[in-house]
Amino acid sequence: FIGIGSTAPGIIAGGIAALRGEGDDNSAQDDRVCRHEAGHFLCGYLAGLPVKGYSIADNGYPCVEFHPSPEGDSISGRGFNEEEIAALSVVAMSGSVAEAMALGKARGGENDLLELDNLFRKSNDFLGAAKQQDLTRWGALAAYNLINGNKEKYECLVQAFKDKKSVAECVAIIESR
C-alpha cells in the first residue's frame, strides 16, 4: 500500500477522497465535465479557432478538439506563431477556469496543461520557463474574462453539452446570443 502511494500518489488520494465522501457523484461529475468542456468550446470559438471535433468519449463525456489555427490542418509540420500560442493558452486554461468559477475548484485539467506544454515546445520562438508561466497565467485570466463576459452563452453551452447537442447546435448557441 505504501509502495503504491509513493509511486502513484493519485491512487491513494482518490481512495481517501472516496472514503471521505469528496468524490463526485454521477450528476456532479457530469456537471463538472460539461462545464469544463463548455469552457473550452466557448473560449476556443471566441479566440477564432475552428472546432476540429466534438465527440462523446467512451466514458460518456463530451470532448472538444480544436484546430490549433484558423488555417485548420494546413499548418501541419510548422511551428506556432506568437498569436497562435496565445490563443491556444487561453483554450488550454479555459476548462479549469470554468470549473473553478462554477465550483470553487478545478479537478480536471492535467491533460490540458500537458497539451499546453507540448504546444509551447512547438512555438516558433523559444519560450523559457518564465515566459511559459506568464502565458499560462495570461491564458487563465483571458479565459476568465471571456467566460465571465459571456455567462449566458456559457450556461447555455453547459446545458447543450449535458444534452449532447451537435457542434452546429453549440455554435448556433454562441452566435444567437
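1. Aromatic pairs come to two in this predicted model, where Phe, Tyr and Trp rings (the six-membered one for Trp) pair if their centres lie within 6.5 Å. Phe 41 and Phe 66 form a tilted one, at 6.5 Å centre to centre and 55° between the planes (under 30 degrees is stacked, over 60 edge-to-face, the rest tilted). Phe 41 sits in helix H3 and Phe 66 in strand S2, 25 residues apart, so this pair links distant parts of the chain. Helices (H or I, at least four residues) and strands (E, at least two) are DSSP runs numbered from the N terminus.

2. A word on the ground rules: the model is predicted, with local features needing pLDDT of at least 70 and side-chain atom pairs 80 or more, while totals for chains, interfaces and linings use all residues. Residues count from 1 along each chain as its sequence is written, and side-chain values use heavy atoms, without hydrogens or water.

3. H3 also packs on helix H6 (residues 129–149): the axes come within 10 Å and cross at roughly 95° (lines fitted to C-alpha atoms over the stretch in contact, angles 0 to 180 degrees between N-to-C directions). That makes H3 roughly perpendicular to H6, the label for 65 to 115 degrees.

4. Who touches whom there? Gly 39, Leu 42, Cys 43 and Leu 46 of H3 meet Ala 143, Leu 146 and Ile 147 of H6, contact being heavy atoms within 4.5 Å.

Technical notes:
Angles under 35 degrees count as roughly parallel, over 145 as roughly antiparallel, 65 to 115 as roughly perpendicular and the rest as oblique.
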